[in-house]
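Please keep the structure in view while reading.

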Amino acid sequence: MFKKIKRQILQVLKGSYRLVRALLSIVFAIVIFSVALFSGIYYFFARDLPDIKTIEDYRPPVISEVFASDGSKIGEFWLECRIFTSFNEIPKQIIQAFVDSEDERFFEHKGVDMRSIARAFVANLQAGEVTQGGSTITQQITRSLLLTRERSITRKIKEAILATRLERYLNKEQILTLYLNQIYLGNRVYGVAAAARNYFKKPL
């Protein structure tokens with residue numbers, strides 16, 4: 001009787017072992033396939049992307065001012081109305097306002113915020129149209145300086161890849177400096193300093 005029970009237990013254990021081994025093989029195959037698929041997609045979209053290092057050459061058009069011999073300003077010329085401002089010259093309230101409204105997890109993510117993308121996807125699905133975007137501030141910078149504004153899945157994937165690269169290349173302060181000087185704020189105004197002057201008649 002004891003031998004019979006022992007034999008049955010061994011058969012069950014052998015069956016369980018074969019099942020576990022089969023499941024592990026399937027999981028391993030799925031992981032290998034997923035890695036290969038992701039690598040292939042990444043290589044396909046990343047092969048012809050702009051070099052992130054070109055961001056060092058960021059020299060945006062700014063306002064050129066003309067002064068009289070007595071030092072008084074008599075005019076200005078510009079292609080884009082912009083007053084370039086360093087990070088330390090931008091008030092913290094302005095920085096926080098843009099982070100809160102555009103990318104509340106800016107200081108936590110590494111270029112792409114999957115939580116925001118998921119939230120935007122659900123909101124757009126419920127609305128039946130595009131009402132929210134999931135792009136981070138870093139993604140907006142890559143779109144503005146390194147890509148086109150074409151609305152396509154291809155561009156969004158490239159934007160995400162470049163955003164993760166940019167986060168490794170620049171720190172958060174540098175990225176915010178680019179963003180707050182590059183952003184278009186209507187009425188031919190670019191950047192927060194020019195917006196303060198044109199809309200409120202005050203320096204930043």
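## Helix crossing

In this predicted model, α4 passes α6 in a left-handed crossing. Helix α4 spans residues 137–145, and helix α6 spans residues 172–182. They pack at an angle of about 60°, with their axes 10 Å apart. That angle makes α4 oblique to α6.

On the α4 side, the contact uses I137, T138, Q140, I141, S144 and L145. From α6 come I175, L176, L178, Y179 and Q182. By class, the contact of α4 with α6 has seven nonpolar and four polar residues. No charged residues take part in it.

## A buried threonine

T138 sits in helix α4. Is T138 buried or exposed? Its relative accessibility is 0%, so T138 counts as buried.

Leaving out residues up to four places away in sequence, T138 touches F106, H109, G111, A163, L166, E167 and I175. I175 is one of the α6 residues that α4 meets.

## Positive phi outside glycine

N187 has a phi near 55°, a positive value in a residue other than glycine. N187 belongs to the loop between α6 and β4 (189–190). N187 counts as exposed because its relative accessibility is 55%, and the cut-off for exposed is over 50%.

K201 is not a glycine either, yet its phi is positive, at about 60°. K201 lies in the segment after α7 (192–200). With a relative accessible area of 70%, K201 is exposed.

Methods:
Residues numbered from 1 in each chain as written. Predicted model: local features only at pLDDT ≥ 70, side-chain atom pairs only at ≥ 80, totals over all residues. Heavy atoms only, no water. Axes fitted to C-alpha atoms, helices over the stretch in contact; angles between N-to-C directions. Helix = DSSP H or I, 4+ residues; strand = E, 2+ residues; numbered from the N terminus. Parallel < 35°, antiparallel > 145°, perpendicular 65-115°, else oblique. Left-handed = near helix turned anticlockwise from the far one by under 90°. Contact = heavy atoms within 4.5 Å. Nonpolar A, V, L, I, M, F, W, Y, C, P; charged D, E, K, R; others polar. Buried < 20%, exposed > 50% of the residue type's maximum accessible area, 1.4 Å probe, protein only.
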